[in-house]
Amino acid sequence: MDNLLLWTILLPLLTAVVCALLPVKVSKIVAVASTVVGLLLACLIYERFIPEALNGFQMVLRVPWITRYQINFALGVDGLSLPLLLLSKFIMPIALLASWGITNHARVLTICFLVLDAAMAGTFLATDIFLFYIFWEFVLIPMILIIGVWGSSERIYAALKFFLVTFAGSLLMLVAIFWLYTSYHAQFGTYTADIASLGYIKFSTDPVLWGLTAQEWVFLAFALAFCIKVPLFPLHTWLPDAHTQAPTGGSIILAAVLLKMGTYGLLRFCVPLTPDAFARFSPIIAVLGLVGIVYGAWVAFQQEDAKRMVAYSSVSHLGFIVVGICALSPEALSGAVLQMVNHGLSTGGLFLLVGILYDRRHTRKLSEFGGLAKVIPWYAFFLVLISCSSMGVPGLNGFVGEFLILLGTFQTHPLWATVAVSGVVFAAVYTLVMLRAVIWGPVKNEENLSVKDINPREAFLLGVLSLFIVWLGVAPQSLLGKIKPSLDVYWSQNSGNRETASVILPPRDSVEGEAGPRE
């Protein structure tokens with residue numbers, strides 16, 4: 001019970017080893033059972049998490065790793081990482097069950113998902129900056145295999161593009177990590193890789209290259225890596241190809257969890273570690289987010305391929321989260337973190353629905369459908385419900401997150417909020433056009449008359465997703481109540497009052513034991 005965070009990482013890795021020795025069908029069952037247990041562990045962490053405890057990370061596990069350089073295997077959870085851990089553990093069994101029909105190297109696919117499960121949990125829980133980087137990069141390996149081996153006709157191109165673009169950003173982030181690590185040693189006479197401790201580095205205000213200070217260069221290195229992962233316009237070009245070529249389970253994981261690693265990184269590193277640089281460059285990032293909202297919605301409206309349409313809608317919706325982060329008001333910050341979860345549920349559900357239809361008709365062209373509500377009514381019901389969630393219809397989860405983001409952004413930057421509202425309108429336009437093309441009207445294509453409605457496995461997956469979509473729409477406080485207190489302190493810390501807040505930068509005495517004396 002004292003090592004819950006560790007078991008969220010170890011359990012899928014141990015299961016992957018076991019699955020390698022089992023028959024294919026048995027390995028699938030064992031993998032799904034393991035991910036369900038992982039979800040239960042995440043729920044237990046949710047129950048044990050104390051919102052009022054505002055002294056940094058909770059349930060901390062710290063094991064010496066490279067002792068000479070004070071690098072530890074260190075895990076912890078706070079109000080920022082808790083919702084994303086819950087999301088990753090909730091989505092993983094859904095992705096596995098969505099891939100149930102894949103028979104080509106099915107055991108290896110199962111192992112890839114389990115390794116991905118462990119790497120995602122480690123990314124959100126690591127409190128040592130080098131451990132974070134290892135998990136961050138480790139995510140790439142199984143995801144590239146999932147796209148490159150089990151994807152569509154142009155899967156190799158999409159997998160290589162995904163790897164090269166994201167890895168290039170990650171190398172710059174590694175340079176920034178080493179700079180922070182060595183700078184801390186230069187200032188305090190000891191090494192530390194603890195993320196909270198690195199926040200005490202004092203940056204010189206003198207330019208070092210091309211008129212930019214050291215803090216600004218560190219910020220840009222981190223921000224580029226995270227904005228590629230989001231992806232923020234115009235760094236988004238890898239995303240539609242990766243989504244289009246990936247199998248359904250891969251698209252679900254990519255949209256629901258992996259993209260949130262970028263927004264998580266912006267909040268975990270860029271805001272607290274380089275606050276002055278973030279203040280300088282956040283208007284530029286916010287403008288790019290606003291462009292992404294409008295651009296993503298417009299391009300989604302132009303798509304004939306249903307999967308590419310959902311992919312570009314992700315670019316648009318993630319723009320809201322980026323704007324909320326840049327606004328850095330209490331409401332916008334809470335809305336941004338909540339919307340990371342909401343987007344994972346709604347967009348993951350849409351990719352699941354597109355995959356279900358593709359399995360039956362082997363096409364994703366909207367012009368090939370029409371009138372399906374008469375043929376597969378249960379499918380049509382879930383498509384409408386999850387599409388309404390994506391549009392932000394009141395009573396469903398998407399509305400709460402977008403409302404908080406817009407409310408908080410309007411308080412600090414009214415113009416940003418005014419432009420962002422247009423994205424809500426555009427989302428309704430392309431989503432309603434998609435619904436009309438797929439399920440309404442007469443059945444024009446005779447092949448659609450023989451399409452079968454969802455089976456029990458698909459109904460279970462869609463039902464569970466829909467349950468939480470409605471739950472977070474009606475009772476968002478069940479999650480906000482856990483994360484908002486620590487996020488409010490995070491906002492207090494990063495809006496100018498850095499001495500009174502303690503979520504990311506705890507009192508120096510609380511971290512002195514692991515990093516050694518400061519003076």
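## Leu-10 and its helix

Leu-10 sits in helix α1, helices here being DSSP runs of H or I with at least four residues, numbered from the N terminus. Leu-10 counts as partly exposed because its relative accessible area is 30%, and that class runs between buried (under 20%) and exposed (over 50%), with a 1.4 Å probe and protein chains only.

A quick note on the model: it is predicted, so local features need pLDDT of at least 70 and side-chain atom pairs count only at pLDDT 80 or more, while totals for chains, interfaces and linings use all residues. Residues are numbered from 1 along each chain as its sequence is written, and side-chain values use heavy atoms, with hydrogens and water left out.

## The nonpolar patch

Leu-10 also belongs to a nonpolar surface patch, together with Trp-7, Leu-13, Leu-14, Phe-138, Ile-141, Leu-145 and Val-149. Together these residues have about 640 Å² of accessible area, from the Shrake-Rupley method with a 1.4 Å probe. Patch members need over 30% relative accessible area and no salt bridge, and nonpolar side chains are joined within 5 Å; a salt bridge is a Lys or Arg side-chain nitrogen within 4 Å of an Asp or Glu carboxyl oxygen.

Helices α1 (4-19) and α6 (140-150) each give at least two residues to the patch. The largest share, four residues, is from α1.

## The largest cavity

Inside, there are four cavities of 30 Å³ or more. A cavity is a set of points on a 1 Å grid where a 1.4 Å probe fits but cannot get out, and lining residues have an atom within 4 Å of a point. Volume is the space filled by probe spheres set on those points.

The largest cavity holds about 130 Å³. Its lining has 16 residues, and Ala-306, Val-354, Leu-357, Tyr-379 and Met-434 are the closest to the centre. At least two lining residues come from each of α14 (306-327), α15 (330-361), α17 (377-391) and α19 (414-438), and α15 has the largest share with five. By type, the lining is 14 nonpolar, one polar and one charged; Asp, Glu, Lys and Arg count as charged, Ala, Val, Leu, Ile, Met, Phe, Trp, Tyr, Cys and Pro as nonpolar, and the others as polar.

## The second largest cavity

Next comes a space of about 70 Å³. Among the residues lining this second largest cavity are Lys-28, Val-32, Trp-100 and Phe-113. Helices α2 (24-48) and α4 (106-125) are the elements giving two or more residues, with the largest share, four, from α4. Seven of the lining residues are nonpolar, two polar and one charged.

Terms used. 1 Å grid on protein atoms, 1.4 Å probe; cavity = no way out; pocket = protein on both sides within 12 Å on 5 of 7 lines; lining within 4 Å. Patch = residues over 30% accessible without salt bridge, like charges linked within 9 Å, V, L, I, M, F, W, Y side chains within 5 Å.
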